[in-house]
Amino acid sequence: MGADRNVVARQDEGTVRAAYDVVAPTYADHFRSTEAEAPLDLAMVEHFASLLPDGATVLDAGCGAGRMLPLLAGLGCHVEGVDLSPAMVSRARVDHPDFVTRQGSLTDLPHADETFDGVFSWYSTIHSPDAELPRLAAELRRVARPNGVVLVAFQSGSGVRDVAPAYAAHGLDVVLERYNRTPDQVVDVLAGAGMTEVARMEQKPLSDKERDAQAVVIARVS
Ligand SMILES: C[S@@+](CC[C@H](N)C(=O)[O-])C[C@H]1O[C@@H](n2cnc3c(N)ncnc32)[C@H](O)[C@@H]1O
């Protein structure tokens, strides 16, 4: 199935932040843990963790309401989160008070250079237009240590999806687009920022309810 539109994407961060501030309670109530993740998704998270040193420090970059924090901690990571949306961060602090979470953007992370052994971006680059991706990749690379590992999960394909109707069904009025991209595209952007592909996974839609394929790319800082 094709994307909703093929336009030059221009969504800005203010639009994304505003949308997630509105949908945060609904999103967090719906996605409480990893029920939505398929075994292959979880296998890629485990593979990411297996590439890290013992007791690795990990940034969940775009942590939302924090549902992946306990999973990463359970895999031996010392994990903290950052997210663009203050409402998502507030909810993460309520639902996952054992973890440090802060507000910040993937385009300008509030962390020092080379802070983390691993950087984990689970569907958090999906609202950023293609033109922003090199900047995001450079930030993920900047906060990762030499030889560090970066994971990016996203909907695979091309074009733009309008996410607003899905939230309108819950009575929420937001403007929000999502950009599908291919694993090759993501690998190329990461390579441009100094990271080399370690593994990739692409999974076709698992049911009629899912419109897009899902992909995970893992890369190492070269
Ligand atoms: C689809 S949700 C995924 C959240 C979380 N990773 C999860 O799996 O539940 C996308 C998240 O990315 C965040 N996000 C989008 N663009 C961002 C950016 N430029 N910087 C930081 N966070 C961003 C949103 O605020 C939202 O919480």
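The exercises below work through the ligand site, the annotated domain and the sheet of a predicted model.

Residues are numbered from 1 along each chain as its sequence is written, and side-chain values use heavy atoms, with hydrogens and water left out. In this predicted model, local features need pLDDT of at least 70 and side-chain atom pairs count only at pLDDT 80 or more, while totals for chains, interfaces and linings use all residues.

**Exercise 1.** Describe the shell around the ligand and its polar contacts.

Step 1. Counting a residue as near if one of its heavy atoms lies within 4 Å, the ligand has 18 residues around it, of which Gly 62, Arg 67, Asp 83, Leu 106 and Trp 122 come nearest.

Step 2. The shell divides into nine nonpolar, six polar and three charged residues, where Asp, Glu, Lys and Arg count as charged, Ala, Val, Leu, Ile, Met, Phe, Trp, Tyr, Cys and Pro as nonpolar, and the others, Gly among them, as polar.

Step 3. Polar side-chain atoms of Arg 67 and of Asp 83 each lie 2.6 Å from an oxygen atom of the ligand, and a polar backbone atom of Leu 84 is 3.2 Å from a ligand nitrogen atom; the limit for such pairs of N or O atoms is within 3.5 Å.

Step 4. The protein covers 97% of the 590 Å² of accessible area that the ligand has on its own, by the Shrake-Rupley method with a 1.4 Å probe.

**Exercise 2.** State which residues the record assigns to the methyltransferase domain.

An unreviewed UniProt entry lists residues 58-148 as "domain: Methyltransferase", an annotation that may be inferred rather than shown by experiment.

**Exercise 3.** Work out the strand order and the edges of the sheet.

Step 1. Taking strands as DSSP runs (E, at least two residues) that pair if at least two bridges are found between them, seven strands form an open, mixed sheet in the order S3-S2-S1-S4-S5-S9-S8.

Step 2. Strand S3 (101-103) and strand S8 (195-203) each have a single partner strand, so one side of each is left without a neighbour in the sheet.

Step 3. Inside the sheet, strands S4 (residues 116-122) and S5 (residues 144-156) run parallel and are joined by six bridges, with Phe 120 having Leu 151 as its bridge partner in S5.

Key: A polar contact is a pair of N or O atoms within 3.5 Å; within protein, one must be able to donate a hydrogen and the other to accept it, and residues adjacent in sequence count only if both atoms are side-chain atoms. Helices (H or I, at least four residues) and strands (E, at least two) are DSSP runs, numbered from the N terminus.
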